[in-house]
Protein chains: 2
Amino acid sequence: MAYHLCKAFVSQGFKPQQVYARSKSKAAPFAKMGVEVVHNSAEIKNAELYILAVNDDSIADAAAILPAGDAIVVHTSGSMAMEILADYSPNCGVFYPLQTFSFEREVDFRPIPIFIEGANPAIESSLKKLASIISDSVVHSTHVDRRSLHLAAVYVSNFSNALFGIAHQILEENKLSFQHLAPLMRETVEKAIAKNPLSGQTGPARRNDKETIAAQLNLLNNKPEEKEIYEMLTKYIINKYHTSHNE
Amino acid sequence: MAYHLCKAFVSQGFKPQQVYARSKSKAAPFAKMGVEVVHNSAEIKNAELYILAVNDDSIADAAAILPAGDAIVVHTSGSMAMEILADYSPNCGVFYPLQTFSFEREVDFRPIPIFIEGANPAIESSLKKLASIISDSVVHSTHVDRRSLHLAAVYVSNFSNALFGIAHQILEENKLSFQHLAPLMRETVEKAIAKNPLSGQTGPARRNDKETIAAQLNLLNNKPEEKEIYEMLTKYIINKYHTSHNE
């Protein structure tokens, strides 16, 4: 996250004054962008704004080592409240870009929504300006909003990816390429985005096609966990579309 | 399926001689492409090839009404064996395009893989030529292959879409737009395609972040089915990445 944020700002001509990283192994990609990296918290400079792009359970530790002052301090978490920073700075806020980041994958920040919150309107205005440098989708948010967004993100990204992993495994065992699924995966996402996913549901469970469901469960006999997931999601879809009040 | 296949062939300058559709309401889109549509099985003309683009449980019925002869007869199903057509024509085959089709969404057929099988090499060669007119990815397949592909497709498309539906519902209840998730959904798919989804897994379950998991389960207290799905997929990811033999 820190790397991608930094890169997005640098690409817009806004170079962060400094990056602090505990681990020296993380310095190179920042240095390559011409950004100063320090590893000793005593070297952290005074600044107008600090972005704590760290894991949830490291946010308080990161805030604690900042120089005293009235700088704006924000975290980038979807699940933590802004208030966990209030002990460290009255000028706290949240700067939550909703995306999955991997070091080795470049991302285009412009379409990525950034959910901001500030302890007062002046901070919110500053954060909005800052986020607009890199994103076309800057949205004011509350903690309740971000919690819902983060939960929804777990379903569409982390859980979907686990299903992709099951499909990968099934195909690998049959010496078939996962790449065969690429057009289907892309179309499934584009269809869900273009029209409500609830109306675009297809497949054996949607049709309550018991014969195909039984045949597919049979193929999963040596995969108890994957079979359990198949059964549960099939039951979920059938209940949603074939219960009496829907027919 | 029939509509999209017909459209793909017409767009390449290969107009099907005739389309048979039981329901008159389905005639208009074919007629618009200049393709003759008939609704009475007695009007079905002799042809070199018949594509039965119908539901699995209608394949045999569709084959039964074809004029007697030695035409090639194929179905388009991922789950049915070629042999179910053998009673109707010795020259049978399978022509299975792996994609989710909706009438109202145009698709680009070129990247869509088409899995073919024929009762003999001459039929396979004909089907390969035919499929290559509309697709850049024509693959010989067995019934065992197609069953695996279809099962994998249920996970990446039907089941993922059900998860998208849950996310949609969570956001809707909080008056948040599902569109906020679009860049995340697209990146999740592209990352899984570019690198094995098993290596790209992220999220609270992947990190075994018990605090976030507990907080998210808490948000699902009034949604027992969605909570059960969260618990099962979280357990699945934790088992996969945090069991003793992986650590």
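## Two strands side by side

In which sense do strand β4 and strand β5 of chain A pair, and over how many bridges? They pair in the parallel sense, over three bridges, with β4 covering residues 72-75 and β5 covering residues 92-97. Two strands count as paired if DSSP finds at least two bridges between them. Helices (H or I, at least four residues) and strands (E, at least two) are DSSP runs, numbered from the N terminus. Look at Val73(A): its bridge partner in β5(A) is Cys92(A).

## Before we go on

This is a predicted model, where local features need pLDDT of at least 70 and side-chain atom pairs count only at pLDDT 80 or more, while totals for chains, interfaces and linings use all residues. Residues are numbered from 1 along each chain as its sequence is written, chains are lettered from A and ligands numbered from 1 in the order in which they are written, and side-chain values use heavy atoms, leaving out hydrogens and water.

## The whole sheet

Zoom out, and β4 and β5 belong to an open sheet of five strands in chain A, ordered β3-β4-β5-β6-β7 with mixed pairing. At the edges sit β3 and β7 (138-140) of chain A, each pairing on one side only. On average, neighbouring strands in this sheet are turned by 25° against each other, direction ignored.

Helix α4 (residues 121-134) of chain A packs on the sheet, touching β3, β4, β5, β6 (114-118) and β7 of chain A. Touching, or contact, means heavy atoms within 4.5 Å. The direction of α4 makes about 160° with that of β6(A); axes are lines fitted to C-alpha atoms, for helices over the stretch in contact, and angles run from 0 to 180 degrees between N-to-C directions.

## A residue in a loop

Val54(A) lies in the loop between β3 (49-52) and α3 (59-64) of chain A. Leaving out residues up to four places away in sequence, Val54(A) touches Ile59(A), Ala62(A) and Thr76(A).

A rotation of 180° with 0.0 Å of shift along its axis superposes chain A on chain B, with an RMSD of 0.0 Å. The two copies are therefore related as by a two-fold rotation axis. Copies are superposed by least squares on the C-alpha atoms of residues with pLDDT of at least 70 in both. In chain A, the C-alpha nearest the axis belongs to Ser160(A), 2.7 Å from it.
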